[in-house]
Amino acid sequence: MSATISAIAHYIPQTIIDNSYFENYLDTSDEWILKRTGIKQRRFYLEGPTSDMIIPAAKKVLAIRKIKPKEIDCILVCTVTPDYVFPATACVVQDKLGCKNAWGYDISAACSGFLFGLQTAVSFVESGVARKVLLCGADKMTSILNLNDRNQAVLFGDGAGVCIIEKSSDKKLGIIDTDLHIDGEGGKHLKKIAGGSFLPAWNNAVKPEEHYIYQEGQAVYKNAVTEMANSTSLLMKRNKLKPKDITWLVPHQANLRIIKAVGERLDIPDEKVAVTIDKTGNTTAATIPIALSLLSEERKLRRGDNIILTAFGGGFTWGAIYLRWDEL
């Protein structure tokens, strides 16, 4: 038995923040931001917590699949911006949606969260632990974003992508192969310093900026390009895929330069690489499901299409997943 993404949907906030917003109080410009990141605008969610972005996407995906909330038996929420430290955002989503028969939990793997969650959901379905998993990748990055730091303020946005993982109708379709990794040594380059047990929020030594994202851009850039390309290349070799066989490469949307560098290393042309960062910014665990949902919504996916998802994030975490499209 194999598992597949049977339906997918997304939610991006209505509030659009274009580059001119930052020109008013940061030493930056539209030209500088576009050149360094490829981002033209991003979405800020001003109304509520991360779970409130998940709910509309989840309701849409249930409607697409024509199933009721009680049919969901597991909920996985991939996020670094949970509503609370506890309860898990999965619990909040379960209650708000009315998925009375579901259990679940949160997964924290930063920008690779959706990939880690997808492999977990697939394992549950293939082993019989669950039949229908609601997999959510969502982040309200503005809740941990230092808007006074131009090196991070312009990069991030808010959003959510939600899909249902269940048994595939064809064992040759669905999730085919996976390559996932972590390297704790890289955590020093990309993290949120305060708020955990290492440096509790009540500690008098905590500085305000330690509640925000900390990122060493060059180290992240170098490792992201190398590891995303390596994981994708490994899956291509293992499954005897050539660049011409790939319908879509769907990479994590952190920086357009990273996306292009990965595509070039793999010899995959730009027209086969999904790009949403220009309009959404980096939504962390939400970037891949949002991009995949947009491809589906725009009718750019066909049954049997070869798709590779790849990501790199804080931890360090990274990897790739190969699937043949089988939306039911």
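## Exercises on salt bridges, a helix and a strand

The side chains of Lys132 and Glu166 form a salt bridge, with 3.6 Å from N to O; a salt bridge here is a side-chain nitrogen of Lys or Arg within 4 Å of a carboxyl oxygen of Asp or Glu. This is a predicted model, in which local features need pLDDT of at least 70 and side-chain atom pairs count only at pLDDT 80 or more, while totals for chains, interfaces and linings use all residues. Residues are numbered from 1 along each chain as its sequence is written, and side-chain values use heavy atoms, with hydrogens and water left out.

**Exercise 1.** Find which residues are linked with Glu166 in a network of salt bridges.

*Solution.* 
- Step 1: Start from the Lys132 pair. Lys132 lies in the loop between α5 (113-127) and β6 and Glu166 in strand β7, so the pair ties together parts that are 34 residues apart in sequence. Helices (H or I, at least four residues) and strands (E, at least two) are DSSP runs, numbered from the N terminus.
- Step 2: Look for another partner of Glu166. The side chain of Arg65 meets that of Glu166 in a salt bridge of 2.6 Å, N to O. Arg65 belongs to helix α3 and Glu166 to strand β7 (residues 158-167), so this pair joins parts 101 residues apart in sequence.
- Step 3: Arg65, Lys132 and Glu166 are linked in a network of salt bridges.
- Step 4: Check the surroundings. Lys132 and Glu166 are both buried, whereas Arg65, at 23% relative accessibility, counts as partly exposed. Buried means under 20% relative accessible area, exposed over 50%, and partly exposed in between (1.4 Å probe, protein chains only).

**Exercise 2.** Work out how the buried residues of helix α4 are arranged.

*Solution.* 
- Step 1: List them. In α4 (residues 89-97), the buried residues are Thr89, Ala90, Val92, Val93 and Leu97.
- Step 2: Look down the axis. The buried residues of α4 fall within an arc of 160 degrees, so they line one face of the helix; the arc is that of the directions from the helix axis to the C-beta atoms.
- Step 3: Recall the geometry. An α-helix has 3.6 residues a turn, so residues three or four places apart point the same way.
- Step 4: Find the neighbours. These buried residues pack against α3 (51-65), β4 (74-78), β5 (103-107) and β6 (133-140), where contact means heavy atoms within 4.5 Å.

**Exercise 3.** Describe what surrounds strand β12 and which strands pair with it.

*Solution.* 
- Step 1: Check burial. Eight of the eight residues of β12 are buried, so the strand is largely enclosed by the rest of the structure.
- Step 2: Sort them by face. Asn306, Ile308, Thr310 and Phe312 are buried on one side, and Ile307, Leu309, Ala311 and Gly313 on the other.
- Step 3: Take the parallel partner. β11 (residues 248-251) pairs with β12 over four bridges in the parallel sense, and Trp248 has Ile307 as its bridge partner. Two strands pair if DSSP finds at least two bridges between them.
- Step 4: Take the antiparallel partner. β13 (residues 317-324) is joined to β12 by eight bridges, with Thr310 opposite Ala320.
- Step 5: Inspect the turn. The hairpin of β12 and β13 has three residues between the strands, and Gly315 takes a positive phi near 145 degrees.
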